[in-house]
Amino acid sequence: MSLLDSTHTEQTSARVPGGIGEPVARREDLRLVEGQSAYLGDLRFPGLAEAVFVRSPHAHARITAISADRARALPGVLAVVTGAELAEWVSPWRIAPDIAGLHPMSAPPLATGTVRFHGDPVAIVVARDRYLAEDAAELVEVTYEPLPAALDLSESLAGTAPLVDETLPSNVLCDQSHVNGNPAEVLATAAHVLRISFSQQRQAHAPLEPRGCVAVWDRAGRRLTVHTGTQVPAPYRTAIAGRLGVPEHQVRVVCPDVGGSFGQKLVAYREDAAVAALARRLGHPVRWREDRRENLVSALHAREDEVDLEVAFTAEGVVRAVRARLRSDFGAYAYFPGNYMLQVIGMMIPGPYRFQDFEYDLKVLLSNKCPAGPYRAPMAMCTWVTEGMMDAVARAVGKDPVEVRRLNLLEESELPYQSAAGQVYTDITPTRTFERGIEAFGYERERAEQARERAEGRLVGIGVASVIEPTTYGSAFYKLAGIPGSGHEAALVRIAPTGVVSVSTGLMGTGQGYETMLAQVVADGLGVPPETVDVLLGDTDVPPYGMGSRGSRGATAGGGVALLAARDLRDKILRIAAHRLDTEPAELSVADGRIVRAGEPAGLTVRDIAAIAYLDPVSLPPGVEPGLEVLRAFDPPPMTFSNSVHLCRAEVLPDTGTVRISRYVVAEDAGQLINPMLAEGQLHGALALGIAGTLQEHVVYSPAGLNLTDSFRDYPFLALDEMVERLELVHCGTPNQRIPGGMKGMSEGGVMGGIAALTLAVQDALGVPVDRLPLTGERICLLLDRTNNPDR
Amino acid sequence: MTTTDHPAPADERDLTCTVNGAPVQLRVPVRRLLSDVLRDDLDLTALQVGCEDGVCGACTVLLDGEAVRACTMLAVQADGHDVVTLEGLRDDPFASEVKRAFSQAHALQCGFCTSGMITTLLACHNAGCDSPDEALHELSGNLCRCTGYLNIRRAVRGLWQEGEDPR
């Protein structure tokens with residue numbers, strides 16, 4: 001399935017068996033395939049009580065009365081707490097970064113006074129048993145006075161929609177712009193200008209395991225332990241301690257196995273804070289296991305974005321200037337700064353192309369819908385926008401889409417290159433990877449075949465999409481964007497007196513295989529077998545404070561810092577060994593846990609060195625401290641990039657509007673891969689989300705603002721028989737000079753390229769512009785109608 | 001129809017069945033789901049509950065050898081039947097092959113769907129399924145959000161076509 005491009009794949013200097021670059025099987029699998037995993041619901045706690053939330057059945061309403069008396073009277077019910085009561089114990093979730101054009105926003109712990117979306121939590125019920133808690137929740141009587149709801153972006157832009165947050169002047173939460181060069185003048189004077197629209201539908205992360213937590217308050221130790229599957233244990237701890245007003249040292253966060261996240265388990269939710277507050281108040285462990293309906297209605301949504309674009313270009317097809325207008329439906333509350341996701345779409349519209357005259361303005365709008373948050377590749381739409389623009393330009397100048405891309409594509413010799421959005425591209429291969437993909441696809445042959453099939457009346461199309469995938473997001477990115485927080489990661493690598501190695505970082509895996517990946521990295525850096533490396537993640541009592549898992553930073557920030565720490569520890573081992581052997585450290589190395597001199601075992605093992613370091617410190621060289629522990633932190637560059645090209649051939653079946661993907665090729669430069677098998681798995685998963693997001697997944701609200709897609713029966717998750725039959729993958733890994741180990745990050749590009757290449761293939765097949773997703777059978781039949789009856 | 005024919009939801013009934021080969025006798029509320037009894041009363045936590053709607057397949061167990069969704073069955077419906085969960089398949093040779101194949105092909109990421117995938121494939125195997133396409137058709141009712149299914153297909157093709165390169 002994968003054709004390794006040996007000319008471009010970095011080899012680490014000395015291969016460590018099972019180290020960096022090896023496709024080793026995952027250590028996580030041992031427990032997962034045996035059913036011995038421990039997801040949140042598998043944990044056992046004596047005296048456990050269960051929490052259930054009462055949620056709003058309206059999109060927007062005033063709460064005029066709540067009566068919980070009947071619920072409280074039910075035997076086995078421990079507590080029913082409303083938003084107004086909880087507000088006394090939990091502070092609001094406040095997002096108020098100092099960002100020009102962004103309004104501060106607060107969310108009460110639970111709704112008080114008004115509810116702002118269908119699913120907004122109103123009260124929490126705690127009972128001895130889940131069934132009882134559900135019974136009691138039904139007995140909580142809430143009287144609502146329905147209000148008109150803000151559901152339409154254009155009404156919110158025009159200022160005619162009802163106000164979502166009464167403390168704000170309008171529904172425009174964020175209004176920002178960026179300009180580079182003089183796009184206005186170029187657009188005003190250009191001979192060729194096109195206007196193109198792109199609209200992407202609201203989607204849900206839908207991890208197979210919904211959200212949840214178990215909060216345990218230890219009265220004697222005055223300590224709160226929250227068991228929850230979060231991507232970011234340390235920031236989660238800070239957040240939950242702050243919300244509860246508990247000193248941070250009194251809070252511990254422990255992550256069990258996590259059944260997927262995709263960006264959803266990235267914050268301490270309002271529900272989490274409520275559960276923690278109740279556990280503390282009641283002195284009982286309290287568990288909340290969200291059901292699927294809650295997850296689809298009230299967790300986070302994403303991707304409801306629109307882009308209107310103007311492009312000026314030459315008669316040859318060279319893009320000269322671009323103006324983009326970005327709009328996003330952010331939902332009812334801000335869990336993140338409003339500019340967080342949409343800004344990255346604007347930032348990445350230049351893609352791998354050379355144009356410099358560029359501007360965008362973005363408006364993020366509140367609505368009476370579920371809050372939005374980052375979903376694996378929150379910027380995914382940018383690739384469709386940029387590549388859709390290239391196809392439109394190609395059509396306008398009568399050239400092949402690939403020919404027009406070649407005219408605009410950056411060459412490797414032009415790097416480092418500052419894009420029109422101010423991003424500095426280094427260590428990417430836009431042209432080389434593009435040409436490798438075109439070659440692997442057999443582009444000219446495929447076009448000839450397509451012409452033959454079209455002559456037979458078949459609706460076959462080809463889509464090409466170049467992806468520049470921003471990953472890792474260093475602290476300088478957050479600072480520039482005005483978003484509080486850091487992009488660093490930290491790692492602690494330790495060798496115990498008996499020679500046992502362990503690594504811990506702030507990362508927390510939700511299926512990526514970090515335990516395997518980090519063991520490979522540390523084994524490589526130290527020169528020990530990977531199976532001797534313990535990986536300790538997800539318990540805030542253990543790892544140093546790191547920023548966790550997000551933005552494809554696991555391998556780069558997490559792997560990178562673990563490699564730094566392991567290499568430092570190896571250097572200390574070699575200093576001790578050199579002193580012992582009366583030689584210089586440079587004469588020695590570590591391989592397979594042994595000290596090696598001139599390729600031969602030097603008669604010492606890492607375990608021997610550990611024994612000296614801990615148990616015989618007087619034998620250490622002068623100035624060397626006892627013990628073998630290294631703590632390192634690493635702040636990656638403002639942005640790290642990998643790049644790829646996706647090529648898709650798809651056929652539309654006119655009777656049903658069904659899309660059949662008949663060929664899919666990806667050429668990708670993700671730098672040094674730590675474990676190629678895991679990297680390919682990430683690409684598969686990302687591509688599946690891209691395909692599902694293009695063809696089917698759609699959160700639908702009724703005209704009254706009720707979520708109509710609240711189960712897997714209605715929210716069409718991609719099934720096995722709906723996935724592309726085969727993926728042809730070409731690795732073009734050029735190392736990243738700015739990340740230890742040469743990694744680049746790569747878990748989101750598959751979504752970006754997948755949406756773009758598939759949409760453009762369908763557009764090519766239909767022969768009419770596609771400006772709106774998803775491309776369901778129904779929608780394609782409507783578009784076909786337009787193809788066949790252009791005057792209608 | 002009289003109300004006496006229909007117990008109130010919290011009414012209890014006796015449940016007698018075998019679970020993983022051992023006899024089980026429990027007093028359970030009639031409304032209690034099989035998935036909850038297996039997971040929370042019997043501590044058989046390999047099966048997972050992903051949708052509570054019978055769609056995702058993470059809760060698949062074997063009922064008299066056939067794959068069923070434990071999240072849409074009442075526990076009392078298992079009365080008199082034989083229930084097998086992943087825990088009961090530790091010594092099953094085909095289940096062991098599936099586990100090995102899934103790990104080798106990297107056919108799982110978060111693992112939440114894996115128990116249901118294995119039990120579904122086992123039911124399929126026990127029913128005499130002899131082609132990978134048929135096995136994959138059966139498995140199309142089990143959802144996975146992480147893997148994009150390509151490696152799951154590879155694992156299944158390998159299991160049903162020994163010796164052939166599944167790619």
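**Entry 1: a helix pair in chain B**

I began with helix 2 of chain B and helix 5 of chain B, which pack at an angle of about 135° with their axes 9 Å apart. I take axes as lines fitted to C-alpha atoms, for helices over the stretch in contact, and angles from 0 to 180 degrees between N-to-C directions. Helices (H or I, at least four residues) and strands (E, at least two) are DSSP runs, numbered from the N terminus. Helix 2 of chain B and helix 5 of chain B are therefore oblique to each other; under 35 degrees counts as roughly parallel, over 145 as roughly antiparallel, 65 to 115 as roughly perpendicular and the rest as oblique. Helix 2 of chain B passes helix 5 of chain B in a right-handed crossing, the near helix being turned clockwise from the far one by less than a right angle.

I listed the residues that make the contact: B:E97, B:V98, B:A101 and B:F102 from helix 2 of chain B, with B:A155, B:G158 and B:L159 from helix 5 of chain B. Contact here requires C-beta atoms, placed from the backbone, within 7 Å. By class I have five nonpolar, one polar and one charged. Ala, Val, Leu, Ile, Met, Phe, Trp, Tyr, Cys and Pro count as nonpolar, Asp, Glu, Lys and Arg as charged, and the others, Gly among them, as polar.

**Entry 2: what I am looking at**

The model is predicted, so local features need pLDDT of at least 70 and side-chain atom pairs count only at pLDDT 80 or more, while totals for chains, interfaces and linings use all residues. Residues are numbered from 1 along each chain as its sequence is written, and chains are lettered from A and ligands numbered from 1 in the order in which they are written.

**Entry 3: domains of chain B**

I noted domain 1 (3–88) and domain 2 (89–160) in chain B; the bounds come from an automatic or database domain assignment. Their C-alpha centres are separated by 22 Å. The contact takes 18 residues from domain 1 of chain B and 15 residues from domain 2 of chain B. On the domain 1 side, strand 3 (60–63) and strand 4 (66–69) of chain B each give two or more residues, and strand 3 of chain B has the largest share, three residues.

**Entry 4: chain B against chain A**

I found 40 residues of chain B in contact with 42 residues of chain A. On the chain B side, helix 2 (93–104), helix 3 (114–126), helix 4 (132–139) and helix 5 (150–160) give two or more residues. Helix 2 of chain B gives the largest share, four residues. I sorted the chain B side into 18 nonpolar, 14 polar and eight charged residues.

**Entry 5: a sheet in chain A**

I traced an open sheet of five strands in chain A, order 10-20-19-18-11, with mixed pairing; strands pair if DSSP finds at least two bridges between them. Strand 10 (172–180) and strand 11 (192–199) of chain A are the edges. The twist averages 10° from one strand to the next.

Strand 18 (residues 305–313) and strand 19 (residues 319–331) of chain A run antiparallel, joined by nine bridges. I picked out A:V311, whose bridge partner in strand 19 of chain A is A:V322. Helix 11 (residues 381–397) of chain A lies across strand 11, strand 18 and strand 19 of chain A, at about 145° to strand 11 of chain A.

Conventions: Contact = placed C-beta atoms within 7 Å.
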